[in-house]
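Please look through the model shown here with an eye to how single residues sit in their surroundings.

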Amino acid sequence: MVQPDLLTRESGPTSRPGALTMLRNGLCWSGGAACLASVIYWQVILAEGAYFGPRAVQLVYRFGARHYDRVRASWQPEADARLQPWLARALAGCDQPLVLDVATGTGRVPFLLASSQPYAGYLAALDLTPQMLRVARQKLEPYLHPAQILWHQGEASRLPWPSGSFDLVTCLEALEYFPQPRRALAEMVRVLRPGGWMLLSKIPDAWARYLPGRAMTHRQLVTLLTEFGCVDVHVLPWQPGHYELVIVHTKTDNFA
Ligand SMILES: C[S@@+](CC[C@H](N)C(=O)[O-])C[C@H]1O[C@@H](n2cnc3c(N)ncnc32)[C@H](O)[C@@H]1O
């Protein structure tokens, strides 16, 4: 039987802590550990280090680069299969398309365009993390002539290309982690030629509240893109619970 004073006895210089104190301490420690684990999960897994700035994002991907493709091998092919028809549609009628993949990572879009059939166009692939670009470059070597692809290490909100350069701009699974997602979107629209296409991804609206200031809801994204002069904006299911696909078609005349 528990003695009454065992529950209430406090620790002093000579006495041992009571059961209640030990229970309270235990709860505090496990509560603290759970809070810390949630914050780490939120900031590192969900937000991919974005709130700590570009260096933190680079750090996450620097260590993730070697494992990135392997970790995603079980689900990415299905998502890519749903993406392929939209890539084909966006480039239909372009003999030598010019495509920009923003936050290319390990070269997802270049690989999809060039690995299954000969690709006659040109590509620019930009990413913040050199280690991700290194993996991408090695992966694409067998499929593209070096003159067909430009690898660029840089920031999505400062695209180093003239306005109206590309037939298609893609940015997959990355927009929410940019320090300035709206500015990056404005840049992507700027470098797109009139009548060009954009393929983006967004996280579902239910998740947007966990990335304040970064993620946009369906409505916010459509409003912003319409302000930028994009006429057709469609948000479609893509990777249920993770990402939706945003298909954007711009005006054929010049944007404001
Ligand atoms: C989840 S990965 C997506 C990669 C690829 N688009 C895909 O779908 O597999 C996110 C990528 O965004 C890059 N990234 C994060 N912030 C960036 C920024 N501000 N500018 C350019 N790239 C960035 C990271 O380095 C990383 O390679």
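**A loop residue, a helix and the ligand shell**

In this predicted model, Ser 163 counts as partly exposed, because 14 C-beta neighbours lie inside 10 Å, whereas a residue would need 20 or more to be called buried. Ser 163 is found in the loop between strand 3 and strand 4 (166-171). Leaving aside residues up to four places away in sequence, Ser 163 touches Arg 190 and Val 191. The C-alpha atom of Ser 163 is also separated by 9.2 Å from that of Met 188, although these two residues are 25 residues apart along the chain.

Turning to helix 7 (residues 130-140), one finds that Met 132, Leu 133, Ala 136 and Leu 140 are buried. These residues cover an arc of only 95 degrees around the axis, which means that they are on the same side of helix 7. What covers the buried residues of helix 7 includes helix 3, helix 6 (108-114), strand 2 (122-127) and strand 3 (149-153).

The shell holds 19 residues, of which Ala 103, Gly 105, Leu 128, Thr 129 and Ala 156 come nearest to the ligand.

Terms used. Residues are numbered from 1 along each chain as its sequence is written. This is a predicted model: local features need pLDDT of at least 70, side-chain atom pairs count only at pLDDT 80 or more; totals for chains, interfaces and linings use all residues. A residue is near a molecule or strand if its C-beta atom, placed from the backbone, lies within 6 Å of it. A residue is buried if 20 or more other C-beta atoms lie within 10 Å of its own, exposed if 12 or fewer, and partly exposed in between; C-beta atoms are placed from the backbone. Helices (H or I, at least four residues) and strands (E, at least two) are DSSP runs, numbered from the N terminus. The arc is that of the directions from the helix axis to the C-beta atoms. Two residues are in contact if their C-beta atoms, placed from the backbone, lie within 7 Å.
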